[in-house]
Amino acid sequence: MSINRRTVARSVRALGVASASAALALGLAGNALACDISEFSAEAKCDGDKGVITVTDVDPSGVPATVTVYLQNNGADLKKVGEQVVKGSREGVTITFAENWKPDAEYRVHVKAEGYVDEDIKPNLTTPSTACKKEEEQPPAPSDAPTPTPSDSASTPAEETDSPTPTPSESESTAPADTESNAPSPAAGDSNLAETGANSNTGLIAGIAVALVAIGGGAVFFGLRRRGANSDR
């Protein structure tokens, strides 16, 4: 049985079209599987008390991609956190950026793989509302004033009172002066002795007067006796 040339040509043409279609499909599938932004994901986590940002690449082809993280502020880049190269795998490869992020902060994560992808992970990364490390309560600041000693506290009421200290009376103020000096002044001594009769001749005069009275009485007695004797004769 002979084969028609026209039939062979048709078969070869159909085979060529099928091969081209398969090659195109494989090429498109290869490009789709090589690297895509959907294969990247970012997350804000805690490593103990410190914050970190992780980016995972699940590209099975392992195309190298540069990942850059920026801190955002009102839609603009405030600072560049860091930049790393990652080669993904079917199981996923994760890279970590050390960043002590604040609660509810926003970060832009950009991925660039030459010839495949050059765009940001959408949406932007927003950190959790709770920080990794809780702020400890600050103890009250110590007072600069020194702690009062017992003597200070005892003297405090006297300092707080506004009433003036009473002035001692004239008699009270002169009394200590008399007690401090045991020797009286000459003038004061003379006046006191004159009032009491001490250091004068009053006693001597009184003694002489008594003696004279006694002598006078004796003389009168003897005189009367002598007169009676004369009268008896």
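This is a predicted model: local features need pLDDT of at least 70, side-chain atom pairs count only at pLDDT 80 or more; totals for chains, interfaces and linings use all residues.
**Exercise 1. The Arg108 network**

Arg108 and Asp120 join their side chains in a salt bridge, N to O 3.0 Å. Task: find where Arg108 and Asp120 lie in the chain, and which residues share one network with them.

Solution. 
Step 1. Residues are numbered from 1 along each chain as its sequence is written, and side-chain values use heavy atoms, with hydrogens and water left out.

Step 2. Apply the criterion. A salt bridge needs a side-chain nitrogen of Lys or Arg within 4 Å of a carboxyl oxygen of Asp or Glu.

Step 3. Arg108 is in strand 6 and Asp120 in strand 7 (residues 117-120), so the bridge ties together parts 12 residues apart in sequence. Strands (E, at least two residues) and helices (H or I, at least four) are DSSP runs, numbered from the N terminus.

Step 4. Buried means under 20% relative accessible area, exposed over 50%, and partly exposed in between (1.4 Å probe, protein chains only). Arg108 is buried at 18%. Asp120 is buried at 14%. Asp77 is partly exposed at 40%.

**Exercise 2. Lys79 and Glu99**

Task: decide which parts of the chain the Lys79–Glu99 pair ties together.

Solution. 
Step 1. Confirm the contact. The side chains of Lys79 and Glu99 meet in a salt bridge, 3.6 Å from N to O.

Step 2. Locate both ends. Lys79 is in strand 4, and Glu99 is in the loop between strand 5 (93-98) and strand 6, so the pair ties together parts 20 residues apart in sequence.

Step 3. Compare accessibility. Lys79 is partly exposed at 39%. Glu99 is buried at 10%.

Step 4. Count. The whole structure holds five salt bridges.

**Exercise 3. The disulfide**

Task: find the disulfide and state its handedness.

Solution. 
Step 1. Search. A disulfide is a pair of cysteine sulfur atoms within 2.5 Å.

Step 2. Name the pair. Cys46 is joined to Cys132, S to S 2.0 Å. Cys46 is in strand 1 (residues 40-47) and Cys132 in the loop between strand 8 (125-126) and helix 2 (150-160), 86 residues apart.

Step 3. Read the torsion. It is -85° about the S-S bond, a left-handed link.

Step 4. Cys46 is partly exposed at 44%. Cys132 is buried at 18%.

**Exercise 4. The nonpolar patch**

Task: which residues make the nonpolar surface patch?

Solution. 
Step 1. Set the rule. Patch residues have over 30% relative accessible area and no salt bridge; like charges are joined within 9 Å, nonpolar side chains (Val, Leu, Ile, Met, Phe, Trp, Tyr) within 5 Å.

Step 2. List the members. Leu204, Ile208, Leu212 and Ile215 make a patch of about 440 Å².

Step 3. Inspect one. Leu212 lies in helix 5 (residues 202-232). At 57% relative accessibility, Leu212 is exposed.

Notes:
Accessible areas come from the Shrake-Rupley method with a 1.4 Å probe; for residues, only the protein chains shown count as cover.
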